[in-house]
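Welcome, and please open the structure in your viewer. This tour goes stop by stop, telling you what to select and what to look for.

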Amino acid sequence: MAAFIAFVKQYRNGIVIFLLLMAAVVLLFSVRLQADGLRGLRASVIELMGPVQNVLMLPAQVIARMQGRIVDLARLDTENRWMRKELLRLQGQEIQLEEMRQENKRLRELLYMEQEPGHVTQVARIVGDSSPSFSHAFLLNAGTLRGVREEASAISPHGLVGRVVQVTSHNSMVLALTDLNSRVPAMAQRSRIRGIVSGSNDEVLQLRYVPKDADVQVDDVILTSGIDGIFPKGLLIGKVMLVDSDEPGLFQRILIKPAVNFHRLEEVRLLLPVAAPPAPPPAPPAAAPATPPGRNRTP
Amino acid sequence: MIVALLAPWFPLLTILLGMAIQDLALPLHAWSVLRPDLSLICLFYWRLYRPDRCGPLLVFLTGLTGDVMGVLPLGLHAFSRILLIILLDHFGSRLRAYDFLIIMPLLGLLVFVEELIHVVLLALFQEVPLFWLPLAGQALGTMLAAPLVVSGLILLHRMLLDPY
């Protein structure tokens, strides 16, 4: 017995390890994974370790949330950049659309203008404007290739614009009513008094050569008279805004406000006179009645 | 006062804490592959440097706790860890002569050996598919985490355990 105790004392550590190893083997082979007792033990361990793990998970969860937030921010940043680009692109498109809408409206107005008898029309876009200089003229993008000729009248839905003074194959120049060199035979719609509308490189026109006793009043509508053979009769020029009979000389001083706003013109319609149809060939002389035989043919 | 009371239990507490941490469900793919065996690092350290505070019974009980937490057959970790401390006891005096950084690869080897013991034991009960990537990953993860964990344990050992 004493020897046994001495043996145990000497190899205590080894014996304990051996016993524990055996205990582990016994447990491995005897305890089923789903045993009821084991289930209770497992529940207890989980009860103990669960809160610890919950606390330990907090920093991990915070870091994971921060990581998610950073990823979200990066994604948002990318989206934001993309949307800014898209916004710029759409803003450009919106401006373009608005421009096209307005152009469409103007062209529609030009399209539905009354047709001038004896004329065909050609719509042209104003591509140049020399208004700021000493003359008031517009460069159009239509020339002889589109049938434009000199002296063609340029009109807008609001009234007369001017006439073509120079044509090239692809462009033409329109002299505006307001130009100093512009002269248009005109008449007052109400009283049919005639005169010449001239420009003065200003925003108003003058109706010249109207006698002092002629009946012209403020707000009278002034139309083309058509006597020059260039402008068709009855095109709207503007309205009388000032009548001054006290002017020295034979004629009244009459100022006209043009119906067209020359600053906002973008397209015009050109009235191109239709060439007169060729004269019909002379009728063949009527066939001479058959002379009876024996008749003298001499007159 | 509290530290003095807790001091003898630091090895057990650190092993349990290691178990709790290594079983955390971190939402990282790397964590599922390179999950370090923190409890084994703690056990290795305490058994090597303070075997008086990390006896076979404590190792056995923490092994059982690991089995319960991992829903493994009861006695699996207990068995393998008792085997490991036999190895440690045998080579302990030699290992203590080296710097811990040098014996760090040994930790990876121990983890690998422990996992192989588990595979062999489990194969006695059921057919166990052998996935080498998690095995190697856990060994590698343990080696990588060991310097940090051991630094903490050394600090704890010198500041809190040694004075008592």
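Helices here are DSSP runs of H or I with at least four residues, numbered from the N terminus. Keep in mind throughout that this is a predicted model.

**Stop 1: a pair along one helix**

Select A:Glu86 and A:Arg89, which both belong to helix H3 of chain A and sit three residues apart, about one turn of the helix. An α-helix has 3.6 residues a turn, so residues three or four places apart point the same way. Show the side chains, and you will find A:Glu86 and A:Arg89 joined by a salt bridge, 2.6 Å from N to O. Is this pair buried or exposed, or in between? A:Glu86 is partly exposed, at 21% relative accessible area, and A:Arg89 is also partly exposed, at 42%.

**Stop 2: from the helix to a loop**

Next, select A:Arg106 and A:Glu266, whose side chains form a salt bridge of 2.9 Å, N to O. A:Arg106 is in helix H3 of chain A, while A:Glu266 is in the loop between strand S11 (253-258) and strand S12 (267-273), so the pair ties together parts that are 160 residues apart in sequence. A:Arg106 is buried, with a relative accessible area of 16%, whereas A:Glu266 is partly exposed at 32%.

**Stop 3: from loop to loop**

Now pick A:Arg190 and A:Asp215, which meet through their side chains in a salt bridge of 2.9 Å, N to O. This pair links distant parts of the chain, 25 residues apart: A:Arg190 is in the loop between strand S6 (183-188) and strand S7 (194-198), and A:Asp215 is in the loop between strand S8 (205-208) and strand S9 (221-224). A:Arg190 is partly exposed at 42% relative accessibility, and so is A:Asp215 at 35%.

Over all chains, the whole structure has 16 salt bridges.

**Stop 4: where the two chains meet**

Colour chain A and chain B separately and look at the contact between them. How many salt bridges cross from chain A to chain B? The count is zero, and one residue pair is in polar contact. On the chain A side, H2 and helix H3 (36-111) are the elements that give two or more residues. H3(A) supplies the largest share, twelve residues. By class, this side has 21 nonpolar, three polar and one charged residues. The contact takes 25 residues from chain A and 35 from chain B. Together the chains bury about 2,400 Å², with 85% of it on carbon and sulfur atoms.

**Stop 5: an enclosed helix in chain B**

Select residues 38-49 of chain B, which make up helix H4. Its end C-alpha atoms are 17 Å apart, in agreement with the 16 Å that twelve residues should span at 1.5 Å a residue. Eleven of those twelve residues are buried, so H4(B) is largely enclosed by the rest of the structure. Among the buried ones are B:Leu43, B:Phe44, B:Tyr45 and B:Trp46. What surrounds them? The buried residues of H4(B) pack against helix H2 (12-30) of chain A, and against H2, H5, H6, H7 and H8 of chain B.

**Stop 6: a buried threonine**

Finish at B:Thr62, in helix H5 of chain B. B:Thr62 is buried, with a relative accessible area of 1%. Leaving aside neighbours within four places in sequence, B:Thr62 is in contact with B:Leu12, B:Ile15, B:Met19 and B:Leu43.

Conventions
Residues are numbered from 1 along each chain as its sequence is written. Chains are lettered from A and ligands numbered from 1 in the order in which they are written. This is a predicted model: local features need pLDDT of at least 70, side-chain atom pairs count only at pLDDT 80 or more; totals for chains, interfaces and linings use all residues. Side-chain values use heavy atoms; hydrogens and water are left out. The expected span of a helix is 1.5 Å times one less than its number of residues. Buried means under 20% relative accessible area, exposed over 50%, partly exposed in between (1.4 Å probe, protein chains only). Contact means heavy atoms within 4.5 Å. Buried area is the accessible area (1.4 Å probe) that two parts lose on being put together, summed over both. A salt bridge is a side-chain nitrogen of Lys or Arg within 4 Å of a carboxyl oxygen of Asp or Glu. A polar contact is a pair of N or O atoms within 3.5 Å; within protein, one must be able to donate a hydrogen and the other to accept it, and residues adjacent in sequence count only if both atoms are side-chain atoms. Ala, Val, Leu, Ile, Met, Phe, Trp, Tyr, Cys and Pro count as nonpolar, Asp, Glu, Lys and Arg as charged, and the others, Gly among them, as polar.
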